[in-house]
Amino acid sequence: MIEEELVQLLSPEGERVTQADYESTLSGDEIFSFYRDMVIIRRICNEGTSLQRQGQLALWAPIQGQEAAQIGAGRALGPMDFTFPTYREHGIAWCRGIPPVDWFRLFRAVSNGGWDPQKYRHSVPTVVLGNQALNAVGYAMGVQRDGAEEAVVAFFGDGASSQGDVLESFVWAATFNAPVVFFLQNNQWAISEPSSLQAKIPLYHRAQGFGFPGVRVDGNDVLAVYEVTKRALEHARVGGGPTLIEAFTYRMGAHTTSDDPTRYRVDAEVEVWKHRDPVERVKALLVHEYKVKKTALAEVTAEADAMALQLREDVLAMDPPDPITMFDHAYAAPHPLIDEGRSEMIEMGISGGSH
Amino acid sequence: MATTTMTMAKALNEGLRRAMEKNKKVLLMGEDIGKLGGVFRITDGLQKDFGEDRVIDAPLAESAIVGTAVGLAIRGYRTVVEIQFDGFVYPAFDQIVSQVAKLHKRSDGVYNMGLVIRLPFQGGIGAIEHHSESPEAYFAQTAGLRVVSCSNANDAYWMIQQSIEHDDPIIFCEPMSRYWEKGEVDLDNAPQGLFDAAVRREGSDVTVVGYGASLKTILRAAATAEGEGVSLEVIDARSLAPLDLDTMITSVQKTGRLIAVQESPHTASVGSEIVAELSERCFYSLRAPGIRVSGYHVPYPPTRLEEDYRPTVDRILDAVDRVMGF
C-alpha cells in the first residue's frame, strides 16, 4: 500500500522506475555530482560521530540514510530560495555552500548558530521542534509582499509533525497561499518513538485536510526527491501556494550521539532499510547505465576522506570564543545590563585572556 | 506646538498610522484587527487605508501570529502584532522566548528582530477569566526582549512609534482599563526616550514607582497623602526591562523610601527587581526597606473581586504608613 503511494524513479537495486507524473531530467554528469554530494556528506557526518565519541563535540546528529532526501531537495533549490532547517539538515547546508566546519560550531558548543543565514539563504538551526515552520511561512509572506519569485522551504521531521507550530504553519500557508514547501523527512523514528505514534495516516495525507497538495516521495531515491521538490518549488514561486512533501526515509543511525537505538528498534528493520540505501542505488545506476568506472568512484571516496580529514583539523582548531562575546548581539541596541555584564567580566579578568 | 486631546486608544491608533505612513515595511497582524479594528478598536480604519496586505487579519493561533512575524522580520518587515488579551499570549510564549528573543544573537547580529508585540494587560475592565492578567515579568526576565508600558495618551502615541523604530523586539504592554481615558497628545515632539522613566509628581518623603494602569491609582494616593502631610514622589517606570534606574536612584536618594506598585503577584516580579536594584544601589539612602504593593499570589480572581486584588489607594497608603513608620 505504502509502496504504491511513493513517487520513485530509481529502485533500491538502482533500476529506473517509470512514473506517470514524474520523470528524471538529470544528465549522467548531474547524477554523478549528486552521488558525489551524498558520499561527501555521509563521510563528513561519520566523522562527526567519531569526533563526538572522542570528546570533541558536545553532540552530533547523524544523517546516515537521509542523504538522498537532503541532496535531492538541496540541489533542487534555486539560488534565491530561502531555507529553514532543523539541526540535522547537513545535506541542505552543503548544497547551500556553507563550509562543513560551520555546521559543527553548534555541536562543538562554541556558537548557537554557525553561519551568516542571509549570505547562504539558509537560516540558523532550530532546535525547538517546529518553530521554524512558522518562521518559514512568515518569510514566505514577506516574499509575497515583495512580489518576488522565490520559494521558501521549511524542513522538519515526523516527530515535529505533531507540534502545534507545524500544524499552525499549515493553516497559515493555506490561508495566505504562501510560497512555501514543507519538506518533511519521515525517518520513521523521533528518538525512540515510531512515526505510527505521531500519525494514524500517511503524513502527506495531512496536507489535503489543510487545503493544499501533499506528496510522498521515496526519500532514499535522490532522482525522485529532486524532481518532486523542483516541481513544488516552482509551483510556490509562481503563486501556486504550499506543498507538503513527505520524504519517506530511514534514520540508519542514532537520533544523536546521546541516543541508543538498540533499546527501541529491532535489527531486522534496520536490515530491510540497508537494502534501500540511498547511496548504493545511485552508484548502481552510475555503474550499469553510465558505465562509470571504479576509479571515478574511488576518486570521490578519496575526496570525501580528504574533506573529513580537513574537517577534523578545523574542528580541533575551533576554540571557544572569548567569553565577552556572549554579550555581542544579545541586543541590537545598547542595553544597560549588557554594559554591566561586560564591565564585570573585564574587571574580574575573565575576558580577553587577561586572567 | 500642535497638541490635541484624545483617548489612549485613539493615540495608539494615530501612532500606528503615523508609523505605517513613515515606513512601508511596517505591517500589523492580529485577530480581528481588520474590518473590526480590533476588539478595542486600536487598529480602527487602518486596514481600509493601508490594505489587507499591511493590516493582516490573522487566523486564531497566537504562536503563528508571532512565529510568522519572526519570518517577516527576517525578510525585512516590521510587524506590530496584536495579542487580543494578556491571557492569550501564552500559546505564543515559545516563539517569543525561543525565537524572537534569541534570533538576533543566534544569527550573530545578521537578523534584525525589530518587531512589536502589543499586549493589552492588567485588570479593571470587569472581564471574565484570562482577560486581566499581568504577564510582564515573564518577558522582563528574558534576555533579548525589552518590555515597555504606557500609562497615558501622549506616551501611547509616542512609545508605540518609538517601539516600531527600535531594532530590538519589544513587548508593548497597554493598560486596557486606560484605553478610554483622554489626555493631551503633543503631535510634534516625543516627550522622552522609550526607555526613560518619568517623574509624574515631585515629592520628598516616599518614592512610589509603578507603571500602566497603576499610575492613576498612585497619583490619587499621592493627592490623599498630601492632605495627610506626606509627600509622595511618583515615578512612571515606562520601561520595565531595562529599568531606568538612574531616575529611580535620584528619587530614592532624595526621599529615602521606596514603594513599587504593580498588579502582578510579588514573586519574581518587576516590582521585586525595582526593590532589589535600589536596595543594592541606594542602601545608605534608604530609611526603610523597599516594599511592594502587588496583586495577591492567587490566580486573577473573578472580576467582581478584582478591586480587592488590584493595588488600591488604601493599600498604597497603608504601605506609605509602613515605610514612614519604620
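1. Two strands are taken to pair if DSSP finds at least two bridges between them, and the elements named below are DSSP runs numbered from the N terminus, helices being H or I of at least four residues and strands E of at least two. In this sense R146(B) stands opposite I170(B) in β7(B), and four bridges join β6 (residues 146-149) of chain B to β7 (residues 170-175) of chain B, the two strands running parallel.

2. This is a predicted model, in which local features need pLDDT of at least 70 and side-chain atom pairs count only at pLDDT 80 or more, whereas totals for chains, interfaces and linings use all residues. Residues are numbered from 1 along each chain as its sequence is written, while chains are lettered from A and ligands numbered from 1 in the order in which they are written.

3. The strands β6 and β7 of chain B belong to an open sheet of seven strands with mixed pairing, whose order is β3-β2-β4-β5-β7-β6-β12 (chain B). Its edges are β3 (55-57) and β12 (239-241) of chain B, each of which pairs on one side only. On average, neighbouring strands of this sheet are turned by 20° against each other, direction ignored; axes here are lines fitted to C-alpha atoms, for helices over the stretch in contact, and angles run from 0 to 180 degrees between N-to-C directions.

4. Helix α7 (residues 153-165) of chain B lies across β2 (26-30), β4 (78-82), β5 (116-121), β6 and β7 of chain B, and runs at about 165° to β7(B). Contact, here and below, requires that the C-beta atoms of two residues, placed from the backbone, lie within 7 Å.

5. Chain B also holds an open sheet of five strands, again with mixed pairing, in the order β9-β11-β10-β13-β14. The edge positions are taken by β9 (198-201) and β14 (291-295) of chain B, each pairing on one side only, and neighbouring strands are turned by 25° against each other on average, direction ignored. Within this sheet β10 (residues 206-210) and β11 (residues 232-236) of chain B pair in the parallel sense over five bridges, with V206(B) opposite L232(B) in β11(B).

6. Helix α8 (residues 214-227) of chain B packs on this five-stranded sheet, touching β9, β10, β11 and β13 (258-265) of chain B, and its direction makes about 170° with that of β11(B). Helix α11 (residues 313-324) of chain B packs on the sheet as well, touching β10, β11, β13 and β14 of chain B, with its direction at about 165° to that of β14(B).

7. Chain B is divided into domain 1 (3-186) and domain 2 (198-324), bounds that come from an automatic or database domain assignment. The C-alpha centres of the two domains of chain B lie 26 Å apart, and their contact takes 23 residues from domain 1 and 22 residues from domain 2. On the side of domain 1 of chain B that touches domain 2, the elements giving two or more residues are α6 (136-140), β6 and β7 of chain B, and the largest share, four residues, comes from β6(B).

8. In chain A, helix α2 (residues 28-53) and helix α3 (residues 67-76) pack at an angle of about 130°, with their axes 10 Å apart. The contact is made by F34(A), D37(A), M38(A), I41(A) and R42(A) of α2(A) together with E67(A), A68(A), I71(A) and R75(A) of α3(A).
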